[in-house]
Amino acid sequence: MKNNYLAIVIACDYEIDLTNIDLEKIQINNQTYFVHKNKVVLMFCGIGKVNAAYNLGLLSKNFNITAIINIGSGLGINNSNIFDVIISTGNQYGDVDITADNKYEINQMVGCPKIFKTSTKIAFWQKIMIGKW
């Protein structure tokens, strides 16, 4: 696909209601994508980072992705409710422990910062997340 797309990745179809969104359903090699106005592509990837990584690979093979938004609980956040919109300013691994090497903290991967800072385009993403797209 020639256009640049914002990718929205969701683990399970029950995490979002697509009934009131104008989406074109596209099937490529047994994978279903939903495209909105040739600008946004949405896909359901299944639960877990292996599913997410595999399906993001397929997605990026078929579309020119410029940014990715993940919708879901992300292991849950304290004091949040269903339908809350939470925009992260940084993300980290939740299942890494290489603290036997004193150079690293819990949840920090070798050669990486502990926190991966989120893009500065948050204002744009917030509009998308609250339905102004």
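Me: What makes up the chain in terms of helices and strands?
Reply: In this predicted model, the chain has two helices and seven strands. Read from the N terminus on, the elements run β-β-β-β-α-β-β-β-α.

Me: What does it take for residues of the chain to count as buried, and what percentage do?
Reply: Buried means a relative accessible area under 20%. Of the 133 residues of the chain, 28% count as buried. The accessible surface comes to about 9,400 Å², and 52% of that belongs to carbon and sulfur atoms.

Me: Why is the set that includes Y33, V35 and V41 called a nonpolar core?
Reply: A nonpolar core is a set of buried residues of types such as Val, Leu, Met, Phe and Tyr, joined through side-chain atoms within 4.5 Å. The largest such core here has 13 residues, and those with the most contacts inside it are Y33, V35, V41, M43, L59 and F63. Two or more residues each come from β1 (4-10), β2 (24-28), β3 (31-36), β4 (40-44) and α1 (49-62). With three residues, β1 gives the most.

Me: Which residues does L59 touch, not counting those up to four places away in sequence?
Reply: Contact means heavy atoms within 4.5 Å. On that basis L59 touches A7, V9, Y33, V41, M43 and I65.

Me: Where does the core that includes I10 and F34 lie?
Reply: This other core, of 10 residues, lies apart from the largest one. Among its residues are I10, F34, V40 and I71.

Me: How many of the contacts with a separation of 6 or more join residues 24 or more positions apart?
Reply: Such residues account for 62% of those contacts in the chain.

Key. Residues numbered from 1 in each chain as written. Predicted model: local features only at pLDDT ≥ 70, side-chain atom pairs only at ≥ 80, totals over all residues. Heavy atoms only, no water. Helix = DSSP H or I, 4+ residues; strand = E, 2+ residues; numbered from the N terminus. Buried < 20%, exposed > 50% of the residue type's maximum accessible area, 1.4 Å probe, protein only. Areas by Shrake-Rupley, 256 points an atom, 1.4 Å probe, with all protein chains shown as cover.
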